[in-house]
Amino acid sequence: MNIYYACKYAPVELIGACGQTPVPLTFETASFETADAKTSPNICGYAKSLIEYALSGKVQALVLTSCCDAMRRTYDVLKHEVEKAEVDKHKVDRHEAEGHKIEKDGIEKEGIEKDAIEKYEAERGDCALEFVYLLDLPHDGSDESARRYGRELEKFQDALQSYLQTKADKPDGRKILLAWEKAAEPSLPEKIPYTDSFQQAPVLLIGAHASPSLLKLGGDVFGRAFENLTCSGQRSLPAPPRDLLREPSEKHCQHACEFLEDCSENPGPLLRAYAKALLKQTPCYRMVNVEEREAFLRTRISDTNALGCVFHTMKFCDFYGFEHAQQVKHLKTPLLKIETEGTPQSTGQIKTRLEAYAESIKHTPELLGKEKCMDSSAAKAPDYLEELAEHPPFYAMGIDSGSTSTDAVIVDNTGVIVASTIFPTGANALKSAQAAYDDVLKKTNLAPADISYCVGTGYGRDALPHTNCTITEITCHAKGAHALVPQTRTIIDIGGQDSKAIQIDKDGHVETFAMNDKCAAGTGRFIEALARTMELELAEFSKAALTWRAGVSQDVVISSMCTVFAESEVISLIADNVDIVDIIHGLNKSVAQKTASLTKRISATGPYLMTGGVAQNIGVVRALEEVLDEPVVTSPEAQIAGAYGAALLALERSGQ
């Protein structure tokens, strides 16, 4: 029988010694329909995914630990469901034993409806949840905590045996020790030391439980060098003390025997030693051993020459935010923060962040298939472009497939823009990309064969035709912005579906970046939706904001950044006869404040350059200047900065 568990501190070896199969629960779901009906929607996504899967009819037994309030809440919900199912089952069994048959007309018998019984039997399935147990987990590895957790393991063993109804087969110490010894054997990567000759320097995943989709994305981006050090991937027990491996003796030991005491069948000492081993694992982010955890990470980074760390947090879990702030201070390696919500949604944006991070740390994945362009030539770009300028004319192209528009730029071998075009992306990104490609070639009277190299970027980059490789919009915007305004140090890019703040150095290399978290609040689509509500074209919307005057006009506050709620606020303001200009200023100020929060996350400094389509909205630019209290410059080519940067990167690679 499978016994599912959700924590590396769960007694996996004890479960195995009981003749059952321990299975880590790493499930994630597309929606939380069942979980949201059973509990608050504002608990963490991992807790909700556990509830969703545990009640899916595929789990009979589940072991949890009290690592946090969300897990306690999960246990309460699941325990209630188990108890309710037991009551329903008892009623059904009693009716069957009494020989009562429920007729199709739905006659009630002692308050039991036929429909309710049929529903219970249909939902129960073959693997309905029957056993859920919450282990009271200490939050440190002290001797007292080990003794307490050992007693907890004794109670768990009794409860499991009671559920299995096989007390006669209760595991002896030898079975537990054998399972423990096997778990303590190092895995293959731990047996082989790191050397440059056979393995890449890794990127370490740390923080909250890693979902399957996040692990897959990390594998896609970093290849085999993506090392999972979260609780879903790092379970390693120290070996059992040698005193525990002696044959049991009927005679009391004359010499000191720290663990087995009188060597009887009393499981307490053995389970306390086993509990101590469980608690001596590298502390997860719910344990209080912060210094030990940081020491482990520093050692791991040093021993493997790790290129960087990806810190994973879970939505609605503030704990990891505090831990991330500490890691930023203490870890001397590039750190990227990723937040997920327990579903495979927003994988496109997460992939962009991971790829941009890989480009910034110059990681080259060991992958097959379509080439991934790491920005390896950026450091020598100025000299390289000077060399290219001496060659006969040739051309490179960049295509930026965004959610709102698809942009294409052709540059010559001196890096000068020869032609550019902007097409609405619409419902078919591939068709829009082809149209942009054809149009920009037509403007230059060039044939496809005249393009020496083409780089694709943007959210639709992986499906673009005619591209030699892909680079994220983070790196491409940095490249394009630096070429447009070389003194730029922070780029603010507000696109159709996301916003970014990108900090670059004097050579245009990405130092750090932040993106909005999955929601389109404060983006181009947010502005478009509210402009439609006021029946304004975007050009009118932009110009109207310039007539607002401080101290004269009304200072309207839009409290919600959600498009739907903000639209309701705007409709209410219109109904109250508030001037349209004041409403627009309030909206622009909200967008500016939302965007400015991204710059604070990366400790951005000026000079600032704004790129993307919203850079054409001068009202938003002015509002940003007010919030940042610094000038924010734009460029006539601001909207095509991503495609321009892609074309420049294509030019750098054209001779390689």
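**View 1. Confidence along the predicted chain.** The average pLDDT (the predictor's confidence in each residue, from 0 to 100) is 80 for the chain, and 80% of the residues score at least 70. Residues 102-110 stay under 50, and the model gives them 12 contacts (heavy atoms within 4.5 Å) beyond four places in sequence. Residues 247-264 are also below 50, with 28 contacts beyond near neighbours in sequence. Where pLDDT is low, the predicted coordinates should not be read in detail. This is a predicted model, so local features need pLDDT of at least 70 and side-chain atom pairs count only at 80 or more, while totals for chains, interfaces and linings use all residues. Residues are numbered from 1 along each chain as its sequence is written, and side-chain values use heavy atoms, leaving out hydrogens and water.

**View 2. A look around Asp-493.** Asp-493 sits in strand E14, residues 490-494 (strands are DSSP runs of at least two residues, numbered from the N terminus). It counts as buried because its relative accessibility is 3%, the cut-off being under 20% relative accessible area with a 1.4 Å probe, protein chains only. Its side chain makes a polar contact with the side chain of Thr-611 at 3.2 Å (N or O atoms within 3.5 Å, one able to donate a hydrogen and the other to accept it; residues adjacent in sequence count only if both atoms are side-chain atoms). Beyond four places in sequence, the contacts of Asp-493 include His-477 and Lys-500.

**View 3. The largest nonpolar core.** This core (buried Ala, Val, Leu, Ile, Met, Phe, Trp, Tyr and Cys joined through side-chain atoms within 4.5 Å) has 75 residues, and Trp-180 and Ile-206 are among those with the most contacts inside it.

Methods. Helix = DSSP H or I, 4+ residues; strand = E, 2+ residues; numbered from the N terminus. Buried < 20%, exposed > 50% of the residue type's maximum accessible area, 1.4 Å probe, protein only.
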